[in-house]
Amino acid sequence: MTHDRLSILKGALDVLILKALSWGPMHGYAVSYWLRKVTDEALELQEGVLYPALHRLEAKGWIDSEWEVSENNRRAKDYALTKHGRKRVQ
């Protein structure tokens, strides 16, 4: 895969994740579930793709993360848009 094609794919993935988080804070599994749901299961992100993308967006300052207790009473990292992330979505 060429560098340009990879950059386009990363950019599209970033936009989709930011759009998912525009609905409110979510943990990684919820982001993945939202993307499957809105694409009628055409897009299913594996952990090896999703979490590096979330970390990349966090490094850019577009999202923040915080450890919370999930609905299943387990620790999960919630991701939320920052002010800069909201600007990117718009």
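Biologist: How are α2 and α3 oriented to each other, roughly parallel or roughly perpendicular?

Modeller: Roughly perpendicular. That label covers angles of 65 to 115 degrees, while under 35 is roughly parallel, over 145 roughly antiparallel and the rest oblique. Note that this is a predicted model: local features need pLDDT of at least 70, side-chain atom pairs need 80 or more, and totals for chains, interfaces and linings use all residues. Residues are numbered from 1 along each chain as its sequence is written, and side-chain values use heavy atoms, without hydrogens and water.

Biologist: What are the angle and the axis distance for α2 and α3?

Modeller: Helix α2 (residues 28-38) packs against helix α3 (residues 47-59) at about 115 degrees, with the axes 11 Å apart. Axes are lines fitted to C-alpha atoms over the stretch in contact, and angles run from 0 to 180 degrees between N-to-C directions. Helices are DSSP runs of H or I with at least four residues, and strands are runs of E with at least two, numbered from the N terminus.

Biologist: Which residues make the contact?

Modeller: Gly28, Tyr29, Val31 and Ser32 from α2, and Leu50, Tyr51 and Leu54 from α3. Contact means heavy atoms within 4.5 Å.

Biologist: Changing topic, where is Thr82?

Modeller: Thr82 is in the loop between β3 (75-81) and α4 (83-89).

Biologist: Buried or exposed?

Modeller: Thr82 is buried, at 13% relative accessible area. Buried is under 20%, exposed over 50% and partly exposed in between, with a 1.4 Å probe and protein chains only.

Biologist: And what does the side chain of Thr82 have a polar atom 2.6 Å from?

Modeller: The backbone oxygen of Gly61.

Definitions and conventions. A polar contact is a pair of N or O atoms within 3.5 Å; within protein, one must be able to donate a hydrogen and the other to accept it, and residues adjacent in sequence count only if both atoms are side-chain atoms.
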